[in-house]
Amino acid sequence: MAFERVGVVGLGTMGAGIAEVFARAGLRVIGVEADAEALARGRGHLERSTGRAVDRGRLTRERQAEILGRVTLTTSREDLRDADLVIEASPEILRYKVSLFEELDRICKPETVLATNTSSLPVTAIAAATGRPGRVVGMHFFNPAPVMKLVEVVGTVVTAPGVVSGIAELAGRLGKTAVAVGDRAGFVVNRLLLPYLNHAAVLVDQGMAGRDDIDAAMKLGVGLPMGPFTLLDLIGLDTAYEVMGVLFDETRDRRHAPAPLLRELVTAGLLGRKSGRGFYGDEAQEEQRPMSGAVTFDVAGPGSEELAGRLRAAGFKPSDDPGVVLRPTDRPVIEHAVRLQDPSRMVGVHLVGDRVAELAATALTSDAAARAARDLMKVAGLTPVPCKDRAGFVVDALLFPYLNDAVRMYESGYASIDDIDAAMRLGCGYPSGPFEMLESLGLARVRDGLRALYAEHREPSYAPAPLLDQLVTAGLSAFPRG
Ligand code: 3HC
């Protein structure tokens, strides 16, 4: 399959990014928008994105001009008639996409491959609306398209032989890695990523922890490139809401019901970066709070030495009459708190990596003790993440169900371990894929953490995936590969 002329329909953030990727790889691009105003916005995206690369010294002015010169902008879809491939990046409304593909099918030459960049809508339904279902696929890029290295190539039961591999080869020419998948809601990445982002919104809504604290925990503690709320703002809250709706319709899993907070923000027009405000964008200057006077503390329970050592190194010694009792733990601390003479002084401390300390406040913890714990973590060089005293605290509660979902996805036969790992690394910039992460955290630790989450929430999908459970029972520490 020879692809030299490519049409891109829709030049919003994703469409413009996709057009840039093709033009950078030397292909001619026809960019189509509905009207002159939208076209001007699309041109603006292209100029800003390539201009930023020039400013950073990654692109010369000549090369920028060459790239932009390969893109022809038009408001007439008829200009797509000779394209070898047309990829659509329009709003996630199935009705709209179906009628667009009917039109593209009429306009384009019979050999043209028609691709959708849909995040989660059924490619099969779009293909079936055309007279060439065998030449319709999903070609799913990740935001920001010029940066993220993954393309999911979605084939359907009616895709003609050679089309998926042809598009995967083209992705390679664009400098991307293709992962070929079947047509299921969310494909690999969104099926695993979006429920985690949605869950983060639920945790904020429930007052489990704050927006900034959750973002800090996932970025600094787990090493993800962005916290969930920064990422939701990048993706667009409307897109996230729509993807969750599609996932829920397919799975009927309660966890996939879009978080009410997402609906609220979307309805208010707070869509994230594209509208200037979403979870972020309206920050009052954060007040710098002075340290809360003399802080006295004790560290109790197994694993105390590390934390006490850090505090000692910062010049703080345990006291016999502590204002706060810090208890290192990865489980809720309420049962230890009630054994203290003054339970209001206990705060659970869960170290995540070497930069983050989750601080679990029980229903009895006093504000003074919670504040003292925060201050102590700061002097110990840790980022405090205050949260409620619930199973998994923030990080494990967000991470373990995601890891479990990945195991279930593999068990379902939808994708291989290597493909799932590669998709999450390349599509989301994660430092490691879910199976790599599971193995480095320890399968037993994740299985036991999931059991604790399940016991607390009785959420069926928190129950450890059978494969995970079996590997732990068999004493294995790695997944079968190859
Ligand atoms: N457009 C073009 N280039 C961009 C860009 C943009 N919007 N944003 C960043 N870049 C480039 C920068 O120019 C820079 O390039 P250089 O190294 O050649 O100079 C590089 O990316 C790194 O940028 P920064 O140093 O400014 O910022 P970071 O190091 O923080 O990286 C990031 C930014 C690449 C966005 C990184 O934070 C990341 O990987 N985040 C995760 C993004 C993610 O998960 N995307 C997938 C979302 S899911 C999705 O899209 C599917 C959909 O269906 C919902």
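**Exercise 1.** Work out how the radius of gyration of the protein chain fits the expectation for a compact globule.

*Solution.* Start with the rule: 2.2 Å times the number of residues to the power 0.38, with the radius taken over C-alpha atoms. Next, look at the extent: the C-alpha trace spans about 80 × 50 × 40 Å along its principal axes.

A word on the model: it is predicted, with local features needing pLDDT of at least 70 and side-chain atom pairs pLDDT 80 or more, while totals for chains, interfaces and linings use all residues. Residues are numbered from 1 along each chain as its sequence is written, and side-chain values use heavy atoms, without hydrogens and water.

**Exercise 2.** Find what share of the residues of the protein chain is buried.

*Solution.* Apply the cut-off, under 20% relative accessible area with a 1.4 Å probe and protein chains only. Of the 482 residues, 52% then count as buried.

**Exercise 3.** Describe which residues line the second largest pocket.

*Solution.* First, the term: on a 1 Å grid over the protein atoms alone, a pocket is an open set of points where a 1.4 Å probe fits, with protein on both sides within 12 Å along at least five of seven lines; lining residues have an atom within 4 Å of a point. Second, count: 21 residues line the second largest pocket, with H199, V202, Q206, E459 and Y462 nearest its centre. Third, locate: domain 2 (189-267) and domain 4 (395-473) each give at least three residues to this lining, the bounds coming from an automatic or database domain assignment.

Key: Buried < 20%, exposed > 50% of the residue type's maximum accessible area, 1.4 Å probe, protein only.
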